[in-house]
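Here is a walk through one protein model. Keep the viewer open and follow along.

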Amino acid sequence: MAKKEVKKIVLAYSGGLDTSIILKWLKNEYGCEVVTFSADLGQGDELEPVREKAFKTGADKVYIDDLREEFVRDFVYPMFRANAIYEGSYLLGTSIARPLIAKRQMEIAKIEGCDAVSHGATGKGNDQVRFELAYYHFNPAITVVAPWREWKLNSRQALINYAKRNDIPIPITKKRPWSSDRNLLHISFEGGILEDTWLEPPENMFVLTKAPEKAPNKPQYVEIEFEKGNAVAVDGVRMTPAQLLAHLNTIGGEHGIGRVDLLENRSVGMKSRGVYETPGGTILREAHMAVEQITMDREVMHLRDSLIPRYAEMIYNGYWFSPEREMMQCLIDDSQKTVNGVARLKLYKGHVRTVGRKSESDSLFNLDFATFEKDQVYNQADAEGFIKLNSLRLRIRSLMLANKNK
């Protein structure tokens, strides 16, 4: 492939092995200015050495932006209003972070007058699609440099050898033979020893959660308040979106909640194993569904629920900025206008369970209608006609079959 003409490039930079090598490789191969951008999405202390490391590896300018509130408010919360989940288990922690990173990366490209952007996603994975679909949404003419699709460093050992030749520190060791990606919603693990699909993930791999068997022997109760489908308070204390999710991560992690081991279907067509920790998100989704149970109309809920697989696939496959996702979001958000109330949850040894829900303003539960005791608003005899009408097609079919077999 002919090398593209590039004068100045913005690299999505984590400071890990791959993007550190990519930074040096871009300088060596393209001879252009390289601006690195690192998004603070809640990685903890992982970002502390990034600035110094980027400059030492050849960066001409370094951006490190705190996007935690925007991430939860404008990306995680809309997704959770939809109860999105991929293939029954994955709460899309990595998938939902990529469009925000790409958005800010493109803003920096415009500020710095860059004619290209780059990322560290491999040619086998989902992230290359997520990043690049977002890039083209913001600038259809942008040049994208994807080193994994260009270079000949086609193995982990080749990367390590390149790093040694160029004096780049190597963060992956025999003690941590896997790669990980962390933000406020989750931490993911893949590769290395996890490629043996029969092997149980080692306990020392997990970061956010205690082993359920080592979690407290006493359950903890937590109350989460929602306004228009968004969590706004925990145990009566109002918090910002990022503060609230971080708080739930701490609580959930203590009780071993949110571990998932999934062999998922990548958008490019292959299966891949991902191990995830999503303690706060697991609690948040359970609480949101509990408040919906008492406040959402039945048919509205069923229609919205029918869209969840499609909506989750859009996010997983990189279509956050697509018109169909935006259209569907409008429908979902409209369904959330009445989702106001409080969920009471019980956390215990890896499990989160709803034990109560209430809404002072929008409850559709009416004891006068639901009670098994005598009431003044529902004549139980009316159910006979309802059942006969709904069974009409079944009775007709049965009669037709009986006549046919005579």
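**An annotated loop and a helix pair**

Asn126 sits in the loop between β4 and α5. The model is predicted. Is Asn126 buried or exposed? Its relative accessible area is 7%. Buried means under 20%, so Asn126 counts as buried.

Next, the surroundings of this residue. Setting aside neighbours within four places in sequence, Asn126 contacts Glu264, Arg266, Ser267, Val268 and Tyr316.

The UniProt annotation "binding site", from an unreviewed entry, covers Thr122, Asn126 and Asp127.

Now turn to Thr122. This residue is found in the loop between β4 (116–118) and α5 (127–138). Thr122 has 28% relative accessibility, so it counts as partly exposed. Asn126, by contrast, is buried. Residues up to four places away in sequence aside, Thr122 touches Gln128 and Trp148.

Move on to a pair of helices. Helix α7 spans residues 241–254, and helix α8 spans residues 279–295. Their axes come within 7 Å and cross at roughly 105 degrees. Angles of 65 to 115 degrees count as roughly perpendicular, so α7 is roughly perpendicular to α8.

Which residues meet there? From α7 come Leu244, Leu245, Leu248, Asn249, Gly252 and Gly253. From α8 come Pro279, Gly280, Gly281, Ile283 and Leu284. By class, this contact has 6 nonpolar and 5 polar residues, and no charged ones.

Definitions and conventions: Residues are numbered from 1 along each chain as its sequence is written. This is a predicted model: local features need pLDDT of at least 70, side-chain atom pairs count only at pLDDT 80 or more; totals for chains, interfaces and linings use all residues. Side-chain values use heavy atoms; hydrogens and water are left out. Axes are lines fitted to C-alpha atoms, for helices over the stretch in contact, and angles run from 0 to 180 degrees between N-to-C directions. Helices (H or I, at least four residues) and strands (E, at least two) are DSSP runs, numbered from the N terminus. Angles under 35 degrees count as roughly parallel, over 145 as roughly antiparallel, 65 to 115 as roughly perpendicular and the rest as oblique. Contact means heavy atoms within 4.5 Å. Ala, Val, Leu, Ile, Met, Phe, Trp, Tyr, Cys and Pro count as nonpolar, Asp, Glu, Lys and Arg as charged, and the others, Gly among them, as polar. UniProt positions are given in the numbering used here, feature names are shortened, and annotations may be inferred rather than shown by experiment. Buried means under 20% relative accessible area, exposed over 50%, partly exposed in between (1.4 Å probe, protein chains only).
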